[in-house]
Amino acid sequence: MAAPPKYDRLEDNQPVVVQEQPQPGAVAHTPSSHTAVVMSQTTTFGPHPVESFCMNCGKVGLTVISSTPGSTAILLGVLLCVAGCHLCCWVPCAIPRMRDTKHYCSNCKKVIGHFVAP
């Protein structure tokens, strides 16, 4: 679709101010504006310690973890117990991928991530 022609005068010879419309998706820049660049890196937390950036203290390092059996592990343990496998009912709770894990910053000890077992 073509843009309409620009007119700088009306029919009765009165001046008209013509103002360009910005193109869709265009960003207007002014000489006094400042641009801040924020870089973000997403960390995938799992059942094992990972290297991560702490937003609280700014340190990059290996996380400290604490884990507890996840709901799937507990359910499987109960099912094994009901099925008569009393000696094996603890096994699902010992599998790392079936444990819910909290990741803590090694410097300031704040929680920086979670892994919830499937």
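Valine 60 sits in strand β2, residues 60-62; strands here are DSSP runs of E, at least two residues long, and helices are runs of H or I of at least four, numbered from the N terminus. The model is predicted: local features need pLDDT of at least 70 and side-chain atom pairs pLDDT 80 or more, while totals for chains, interfaces and linings use all residues. Residues are numbered from 1 along each chain as its sequence is written, and side-chain values use heavy atoms, with hydrogens and water left out.

## The open sheet

Let's turn to the sheet. Three strands make up an open sheet, ordered β3-β4-β5, with antiparallel pairing; two strands pair if DSSP finds at least two bridges between them. At the edges are β3 (64-69) and β5 (111-115), each pairing on one side only.

β3 and β4 run antiparallel and are joined by six bridges, and valine 64 has tyrosine 104 in β4 as its bridge partner. Strand β4 (residues 99-104) pairs with β5, also antiparallel, over four bridges. Here histidine 103 stands opposite glycine 113 in β5, and lysine 102 has histidine 114 in β5 as its bridge partner. The β4 and β5 hairpin has six residues between its strands, and in it lysine 109 adopts a positive phi near 70°.

## Helix α1

How does the span of helix α1 (residues 71-82) agree with 1.5 Å a residue? Its twelve residues should span 16 Å, and the end C-alpha atoms are 16 Å apart, so the two agree; the expected span is 1.5 Å times one less than the number of residues. Glycine 84 follows α1 and has a positive phi, near 100°.
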